[in-house]
Amino acid sequence: MLKKIFSALFVLSMILITANNSAFAEKKVAIILDAPTGMFSEPEKVYTAVQTSLNNILQNSSEYNILPIEDVSSYVQIYREENDLTETVTTEGVAVESFLKKSDVDKICKHFESDYVIYTRISTTAPKVSV
């Protein structure tokens with residue numbers, strides 16, 4: 001009888017320890033940074049600025065595992081190409097990208113098995129010149 005009680009307590013403690021550890025597991029965060037590409041943009045500077053800001057915001061938190069922006073952006077570019085969401089050119093010669101829908105963001109999030117996603121869209125226009 002005593003042996004059964006100790007066995008039940010041992011099993012219960014193992015369940016509690018496992019549940020407790022999973023509650024404090026790192027959460028994956030994917031950052032989808034929709035930055036412009038082309039002649040008048042510098043996405044590397046945008047990646048660096050966003051990564052620096054996130055490091056400052058989450059500097060004392062080991063709770064989050066932020067996936068590298070470059071990896072996510074590479075996959076987003078492939079996703080855009082496979083789903084016909086690539087750049088189109090308007091009559092004025094300015095490149096315009098199709099917007100990602102919520103379902104697209106969900107699919108990208110599932111691909112990386114991330115718990116959270118931060119979606120940031122940055123746009124640009126061609127520089128204006130006057131003479």
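Which residues are buried in H4? I looked up this helix first. In H4, the buried residues are Asp104, Val105, Ile108 and Cys109; I took buried as under 20% relative accessible area, exposed as over 50% and partly exposed as in between, with a 1.4 Å probe and protein chains only. These four lie on the same side of H4, because they cover an arc of only 135° around the axis, the arc being that of the directions from the helix axis to the C-beta atoms. Lys102 and Lys110, on the other side of H4, are exposed.

Basis of the entries. I worked from a predicted model, in which local features need pLDDT of at least 70, side-chain atom pairs count only at pLDDT 80 or more, and totals for chains, interfaces and linings use all residues. Residues are numbered from 1 along each chain as its sequence is written, and side-chain values use heavy atoms, with hydrogens and water left out. Helices (H or I, at least four residues) and strands (E, at least two) are DSSP runs numbered from the N terminus.

Surroundings of H4. I noted that the buried residues of H4 pack against S1, H3 and S5, contact meaning heavy atoms within 4.5 Å. Just after H4, I found Glu113 with a positive phi of about 55°.

Nonpolar cores. I defined a core as a set of buried Ala, Val, Leu, Ile, Met, Phe, Trp, Tyr and Cys residues joined through side-chain atoms within 4.5 Å. The largest has eleven residues, including Ala30, Leu67, Val105, Ile108 and Phe112. Strand S1 (27–34), H3 and helix H4 (102–111) each supply at least two residues of this core, and the largest share, three residues, comes from H3. Apart from this core I recorded another, of six residues, among them Ile31, Leu33, Leu54 and Ile69. Leaving aside residues up to four places away in sequence, Val72 touches Ala30, Ile31, Ile32, Leu67 and Phe112.

Aromatic pairs. I found three, with ring centres of Phe, Tyr and Trp (its six-membered ring) within 6.5 Å and planes under 30 degrees apart counted as stacked, over 60 as edge-to-face and the rest as tilted. Tyr64 and Tyr116 are edge-to-face, 6.2 Å centre to centre with 65° between the planes. This pair links distant parts of the chain, 52 residues apart, with Tyr64 in strand S2 (residues 64–66) and Tyr116 in strand S5 (residues 116–121). Tyr64 is partly exposed at 30%, and Tyr116 is partly exposed at 42%. Tyr75 and Tyr79 form a tilted pair, 6.5 Å centre to centre with 40° between the planes. Because they are four residues apart in helix H3 (residues 69–82), Tyr75 and Tyr79 are separated by about one helical turn. Tyr75 is partly exposed at 22%, whereas Tyr79 is buried at 6%. Ring pairs join Tyr75, Tyr79 and Phe112 into a cluster.
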